[in-house]
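Reader: Hi, I'd like to go through this model with you. Can we take it piece by piece?

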Amino acid sequence: MSIRHLRIFITVASLQNMSAAAEQLFITQPSVSQAIKELEQYYGVRLFERLSKKLYLTQSGDALLKYATHLIQSFDEMETMMKNKSDVISLRIGASITVGGSLINRILNEFNEQHPKIKTQVMIRNTRKIERLLLSSKLDVALVEGKVSSKDLISKSVYEDQLILVVGKQHPFYGCDKLSIYDLQGQDIIAREEGSGTKIIFDNILKEYRVDVFERWSSSDTLSIKQAAIQSRGIAILSSLVVEEDLKKGTLHKIALEEVSLSREIYVVYHKNKFLSDSLKYFLDCLH
């Protein structure tokens with residue numbers, strides 16, 4: 001078993017087709033078939049099932065893919081570092097929508113000042129998508145609001161964030177400093193999209209208290225949610241970090257809920273099998 005075998009295996013798993021994998025890798029299809037056969041013989045398992053002219057990973061294949069992906073990435077990082085020690089090192093960082101709109105730039109300013117030779121690449125998605133990117137090794141590390149579900153990811157709390165309800169000047173609740181959760185019954189809500197950590201937290205609270213609301217507006221863009229709230233299209237649930245200036249100017253008004261606290265943790269997340277390179281260690285140290 002070699003690095004070449006693993007590269008071929010990963011490509012076949014991604015494309016679900018040996019011919020397509022051979023074309024992408026600039027090798028012959030028999031070479032691809034032979035590499036997969038040798039892997040299966042080496043481990044004594046079947047890695048793929050063929051259904052409707054497509055290849056699907058078996059349970060053993062899925063397990064191998066997780067390790068192979070991280071092994072190849074670690075190998076490539078080692079090659080880059082050893083062959084080009086003077087080159088700029090790259091760190092791929094993910095951020096959930098709220099973190100991307102409020103915290104990430106503050107963190108990167110400090111990190112880039114301390115480690116100017118490390119080039120950072122940032123990808124902002126909702127928490128669910130960030131989790132998938134970490135599992136497929138397309139990100140090195142991420143900062144998300146809300147917990148991830150996969151047991152293959154290490155998650156550590158690094159910051160406590162306050163979620164708050166806000167309304168615009170024309171909303172009937174403008175000027176109210178505190179409401180009961182039951183006052184939200186039937187109210188128009190400006191919500192985040194499915195998969196958002198913010199939405200999951202708020203939806204769970206509504207479910208716990210059996211409060212039904214009308215989701216009038218849904219968006220993955222924090223700015224559009226904030227603007228909709230300023231135009232009094234409903235009640236928005238946003239991070240306090242996102243609306244600091246709007247609260248000072250009075251374009252938005254903060255409302256507390258009597259029964260619940262909407263604080264939530266911001267987590268740093270990375271794969272449990274991830275090789276902790278110096279650049280990643282520096283980033284984790286910066287968070288603390």
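Reader: Which residues is L143 in contact with, leaving aside neighbours within four places in sequence?
Author: They are G94, A95, S96, V99, I104, I107, V158, Y267, V268, F283 and L287. Contact means heavy atoms within 4.5 Å. This is a predicted model, where local features need pLDDT of at least 70, side-chain atom pairs count only at pLDDT 80 or more, and totals for chains, interfaces and linings use all residues. Residues are numbered from 1 along each chain as its sequence is written, and side-chain values use heavy atoms, with hydrogens and water left out.

Reader: Which residues touch the most other members of the largest nonpolar core?
Author: V141, L143 and F283 do, in a core of 21 residues. A nonpolar core is a set of buried Ala, Val, Leu, Ile, Met, Phe, Trp, Tyr and Cys residues joined through side-chain atoms within 4.5 Å. Buried means under 20% relative accessible area, exposed over 50%, partly exposed in between, with a 1.4 Å probe and protein chains only.

Reader: Which elements give two or more residues to this core?
Author: β3 (89-95), α6 (104-114), β5 (141-145), β12 (263-271) and α11 (278-287). The largest share, five residues, comes from α11. Helices (H or I, at least four residues) and strands (E, at least two) are DSSP runs, numbered from the N terminus.

Reader: What lies apart from it?
Author: Another core, of 20 residues. Its members include V167, I205, I255 and L262.

Reader: New topic. Is S219 buried or exposed?
Author: S219 counts as buried, because its relative accessibility is 14%. It lies in strand β9 (residues 214-219). Leaving aside neighbours within four places in sequence, S219 is in contact with A191, R192, E193, S224 and I225.

Reader: Now helices. At what angle do α2 and α3 pack?
Author: About 110°, with the axes of helix α2 (residues 18-25) and α3 8 Å apart. Axes are lines fitted to C-alpha atoms, for helices over the stretch in contact, and angles run from 0 to 180 degrees between N-to-C directions. So α2 is roughly perpendicular to α3; that label covers 65 to 115 degrees, while under 35 is roughly parallel, over 145 roughly antiparallel and the rest oblique.

Reader: Which residues meet there?
Author: M18, S19 and A22 in α2 meet Q29, V32, S33 and I36 in α3.

Reader: And how do α1 and α3 cross?
Author: The axes of helix α1 (residues 3-15) and helix α3 (residues 29-43) come within 9 Å and cross at roughly 110°. R4, H5, I8, F9 and V12 in α1 meet S31, V32, A35, I36, E38 and L39 in α3.
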